[in-house]
Amino acid sequence: MKLHSQRLTVINRVFHSMLLLAISHIVHTSHIREICEKRDIFFEPFRCQLYDLGVLDEPITYLLYDVNPSEGFNLRRDVYIRLAVFVEYLRTQPGYRRARLVLPPWSNLVHWRSTNIDQTQLLWSHFFDLRSMRLYTDVIDMDEFFDAYRALHGPDEPVVLDEVYKLKHFDNMFENGVFVDKFEEHVCPKSQDSMAGAFLGYANLSTRDFTCLHFQGSAMLLHRLLETYRRPDTRHARYVLILNAEIVLHDLWGNVDYWAARRSMRFASELVEVAARFRADFLNSSDQQDRTVRPARWTDEKPRRGGARGGDYLCAHLRRADFLYGRDKTTPTVQSAALQIRAKLLELGLKTVFVASDCTRMEFYNLKNYLKRFRVVRFVPDSYEQRYALKDGGIAVVDQIICSHARYFIGTYESTFTYRIYEEREILGFPKDLTFNTFCKSEKDTNCEKNTVWPIVFH
């Protein structure tokens with residue numbers, strides 16, 4: 001009995017010590033409501049982020065960004081990687097260990113042509129699996145940002161950013177023949193309504209400070225920018241918006257950090273399911289047959305060069321539209337593209353080609369006529385309701401998923417759409433010679449300039 005009583009005494013002391021520690025943690029963090037509620041510490045300890053006391057003293061830095069309206073979907077994905085890698089680094093630095101990257105909404109991008117469906121203020125969760133992306137760094141969608149802001153400042157408070165920085169290239173980027181990472185303030189154009197612009201397309205966003213900067217350098221230069229303009233009176237949160245973020249460069253494009261962020265960008269499950277149904281119904285393709293099964297978490301992926309086989313079809317990404325006049329020296333005619341596709345189908349013994357293209361109906365009709373001996377298919381929503389649900393961006397993603405599972409892929413020179421498919425196929429483990437292929441201007445020019453090969457890198 002005495003031994004039992006002593007054990008109970010020890011257990012009670014341990015329990016009370018843990019309780020006091022938990023209560024002190026609650027008291028210390030009670031002014032920051034979005035981190036942990038009291039019940040979370042006891043019932044949801046793994047979901048609730050229990051920082052050390054030094055980190056909890058730091059404000060949350062919400063880093064918002066936007067990209068020039070003329071930039072397309074796939075370039076914007078690349079800009080995200082630059083900033084995601086930066087934020088993951090920033091979270092290791094004192095004063096920024098609770099930094100969060102806020103994802104800008106997608107609105108009526110230049111390549112989205114459908115005018116009879118609403119394509120404004122689309123969240124990233126419409127296209128991507130944010131749970132997967134959060135396994136790389138702390139990212140939130142705009143609706144989550146608004147919720148966090150209201151939780152901290154009250155439901156009726158307007159959203160006021162602390163700082164907005166509008167970036168612009170230096171007029172002379174190679175002064176004295178040398179490219180140097182730097183930024184400098186310049187006078188904002190008078191025509192710009194700097195303090196009241198509808199940032200990110202939201203009329204309810206305003207800012208305390210608006211600064212115009214000449215900027216050149218990698219994303220890591222943003223750390224110096226944040227330190228230079230850091231206010232000593234920042235308490236609970238700091239809200240920073242970077243405009244024209246495409247000006248910010250990669251630190252090391254194609255390194256392990258790039259590929260970790262890239263691998264985390266898995267597509268939304270709804271889009272994956274649409275692509276899987278199309279592959280099964282029209283291409284007799286499945287992940288099991290094609291040897292393209294991926295682990296549930298991208299963090300469990302291992303190098304598997306040559307492990308993927310792909311479906312019994314070739315995929316061709318044939319870019320048209322603005323490439324016909326902006327890059328006419330490298331973009332093939334429909335007939336030339338058809339001849340290059342035909343030659344490769346015969347070489348591989350395939351009978352089906354899936355076409356991902358922004359071509360017109362007439363161009364697609366002509367392509368099919370040039371390939372009469374073969375089966376030519378493309379993805380088209382089966383109803384207005386499906387098109388409305390997917391949006392133009394979702395349809396493009398479905399195209400990319402289907403192309404990433406083909407036996408062989410050939411893309412368009414200098415197209416970011418093509419590069420994103422290269423990356424998907426690298427992640428899946430296809431041989432390089434079945435992935436990094438590029439249309440030539442002419443079917444007779446087999447030694448034309450090709451897209452750069454950037455193989456995947458793992459830790």
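Cys440 and Cys448 form a disulfide, with 1.9 Å between their sulfur atoms (a disulfide here is a pair of cysteine sulfur atoms within 2.5 Å). The torsion about the S-S bond of Cys440 and Cys448 is about -70 degrees, so this disulfide is left-handed. Keep in mind that this is a predicted model, where local features need pLDDT of at least 70, side-chain atom pairs count only at pLDDT 80 or more, and totals for chains, interfaces and linings use all residues. Residues are numbered from 1 along each chain as its sequence is written, and side-chain values use heavy atoms, with hydrogens and water left out.

**Disulfides**

- Searching the whole structure turns up three disulfides.
- One of them ties Cys188 to Cys212, at an S to S distance of 2.1 Å. That pair links distant parts of the chain, 24 residues apart: Cys188 sits in the loop between β5 (182-185) and β6 (205-216), and Cys212 is in strand β6 itself. Helices (H or I, at least four residues) and strands (E, at least two) are DSSP runs, numbered from the N terminus.
- The S-S torsion of Cys188 and Cys212 comes out at about 115 degrees, so this disulfide is right-handed.
- Cys315 and Cys403 make up another disulfide, their sulfur atoms 1.9 Å apart. Here too the pair links distant parts of the chain, with Cys315 in strand β8 (residues 311-318) and Cys403 in helix α14 (residues 384-404), 88 residues apart.

**How buried are the cysteines?**

- The cut-offs on relative accessible area are under 20% for buried, over 50% for exposed, and partly exposed in between (1.4 Å probe, protein chains only).

- Four parallel strands make an open sheet, in the order β10-β9-β8-β11. Two strands count as paired if DSSP finds at least two bridges between them.
- The edges belong to β10 (375-377) and β11 (406-410); each has a single partner strand, so one side of each is left without a neighbour in the sheet.
- From one strand to the next, the twist averages 25 degrees. Axes are lines fitted to C-alpha atoms, for helices over the stretch in contact, and angles run from 0 to 180 degrees between N-to-C directions.
- β8 and β11 run parallel and are joined by four bridges; in β11, Ala406 is the bridge partner of Gly311.
- Helix α14 lies across β8, β9 (352-357) and β11, and runs at about 145 degrees to β9.

**Around Thr412**

- You'll find Thr412 in the loop between β11 and α15 (416-428).
- Thr412 counts as buried because its relative accessibility is 3%.
- The side chain of Thr412 reaches the backbone nitrogen of Arg319 at 3.0 Å.
- Leaving out residues up to four places away in sequence, Thr412 touches His317, Leu318, Arg319, Phe323, Thr418, Thr438 and Asn451, where contact means heavy atoms within 4.5 Å.

Technical notes
Polar contact = N/O pair within 3.5 Å; in protein donor to acceptor, adjacent residues only side chain to side chain.
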